[in-house]
Number of protein chains: 2
Amino acid sequence: MAQYHMNKREREITGKEELQALLREGKFATIAMCRNSEPYVVTLSYGYDSGKHALYFHSALEGLKLDFIRENPRVCGTVIQDGGYVTGQCEHRYASVVFWGEMQLVETLEEKKHAFEVLIDQLEAEPAPVKARIFKSDKVYDTAGILRLDIMEMTGKKGK
Amino acid sequence: MAQYHMNKREREITGKEELQALLREGKFATIAMCRNSEPYVVTLSYGYDSGKHALYFHSALEGLKLDFIRENPRVCGTVIQDGGYVTGQCEHRYASVVFWGEMQLVETLEEKKHAFEVLIDQLEAEPAPVKARIFKSDKVYDTAGILRLDIMEMTGKKGK
């Protein structure tokens, strides 16, 4: 996978557009967090905002991942396009992007609304009816946490 | 995904056998590492040794992940069974296991051989011919690094 052959430079994805395409096409991201010397990992559905170069996540308002990012907002995450194991070849077909950035809770109603748009546009094949159903009132935002991950650096790899 | 609804207890997988089945069936794991306050994530093919309750990974002998685990062997990883996004439902079908443990380089030739067996048995549909091809001599072990992740704790979630 991503770092399976991290020393093999010919596998690196260098184009920003190709990396952004991976972020646009993915449905979930796995995020590594770090508190003192304690690592933690979560996997979350997301939407990619290419203008902000940020990922949005829907989240509870309390929980272990929020404790981690409050103590240390620095995260490192990955999105993987899984093409499956290549039988008999000791190889896995994949493309992956790894990114570094900071993650925080979104505070304003305006940005929460924007984040839901980004999420639903990415996840749903037909966003319009889902939006119509969910956004009947602003109450949905009262209990929903939204996290934004601002990407500062990224790299990618592919195999086979 | 795994922690998307971490507060929803009805989604928790509590049976050790069900969690072990996820580890036996997966082809790759995503591993979070932590050095001082710096997070890092890698995704690697693996084999699960249920007797040792450990994962084995093939690795280069140098690289960023080795620097990380030399400084801090504590890791947190995940294996995800991806059933795909459920269109129109704001839901992703998945099962995932999250585990905590320590990761280190395997030193002895004997354990390296064992690890390759575990890896190939997990990854390959027909392990025998692949083993016959790879294990013609012990030279393969000179340049190949093997990492072992001893699992100390694990939990799981599933959705839909």
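Trainee: What rotation superposes chain B on chain A?

Mentor: This is a predicted model. In it, a rotation of 180 degrees, with 0.0 Å of shift along its axis, puts chain B on chain A. The RMSD is 0.0 Å. The two copies are thus related as by a two-fold rotation axis.

Trainee: Which residue of chain B comes closest to the rotation axis?

Mentor: B:Ala32, with its C-alpha at 2.5 Å.

Trainee: OK, disulfides. How many over all chains?

Mentor: The count is one. A:Cys34 is joined to B:Cys34, S to S 2.0 Å. The pair crosses between chains, running from strand S2 of chain A to strand S2 (residues 28-35) of chain B.

Trainee: What hand does that disulfide have?

Mentor: It is right-handed, because the torsion about the S-S bond of A:Cys34 and B:Cys34 is about 55 degrees.

Trainee: Are those two cysteines buried or exposed?

Mentor: A:Cys34 is buried, and B:Cys34 is too. Compare Cys90: A:Cys90 is partly exposed at 25% relative accessibility. B:Cys90 is also partly exposed, with a relative accessible area of 25%.

Trainee: Stay with S2(B). How many of its residues are buried?

Mentor: Eight of the eight, so S2(B) is largely enclosed by the rest of the structure. Both faces are covered. One side has B:Phe28, B:Thr30, B:Ala32 and B:Cys34. The other has B:Ala29, B:Ile31, B:Met33 and B:Arg35.

Trainee: What does S2(B) pair with?

Mentor: Strand S3 (residues 38-45) of chain B, in the antiparallel sense, over eight bridges. B:Cys34, the disulfide residue, has B:Pro39 as its bridge partner in S3(B). S2(B) is also joined to strand S6 (residues 74-86) of chain B by three bridges, again antiparallel. There, B:Ala32 has B:Cys76 as its bridge partner. B:Ala32 is also the residue of chain B that comes closest to the rotation axis.

Trainee: How many residues lie between the strands in the S2(B) and S3(B) hairpin?

Mentor: Two. In that hairpin, B:Asn36 takes a positive phi near 50 degrees.

Trainee: Switching to charges. How many salt bridges over all chains?

Mentor: A search of the whole structure finds 20. One of them pairs A:Arg35 with A:Glu38, the closest N and O atoms being 3.2 Å apart. A:Arg35 counts as buried because its relative accessibility is 17%, under the 20% cut-off. A:Glu38 is partly exposed, with a relative accessible area of 25%.

Trainee: Now chain B. What does B:Asp138 form a salt bridge with?

Mentor: B:Lys113, the closest N and O atoms being 3.4 Å apart.

Technical notes: Residues numbered from 1 in each chain as written. Chains lettered and ligands numbered in written order. Predicted model: local features only at pLDDT ≥ 70, side-chain atom pairs only at ≥ 80, totals over all residues. Heavy atoms only, no water. Salt bridge = Lys/Arg side-chain N within 4 Å of Asp/Glu carboxyl O. Buried < 20%, exposed > 50% of the residue type's maximum accessible area, 1.4 Å probe, protein only. Least-squares fit on C-alpha atoms with pLDDT ≥ 70 in both. Disulfide = S-S within 2.5 Å. Helix = DSSP H or I, 4+ residues; strand = E, 2+ residues; numbered from the N terminus. Pairing = 2+ DSSP bridges.
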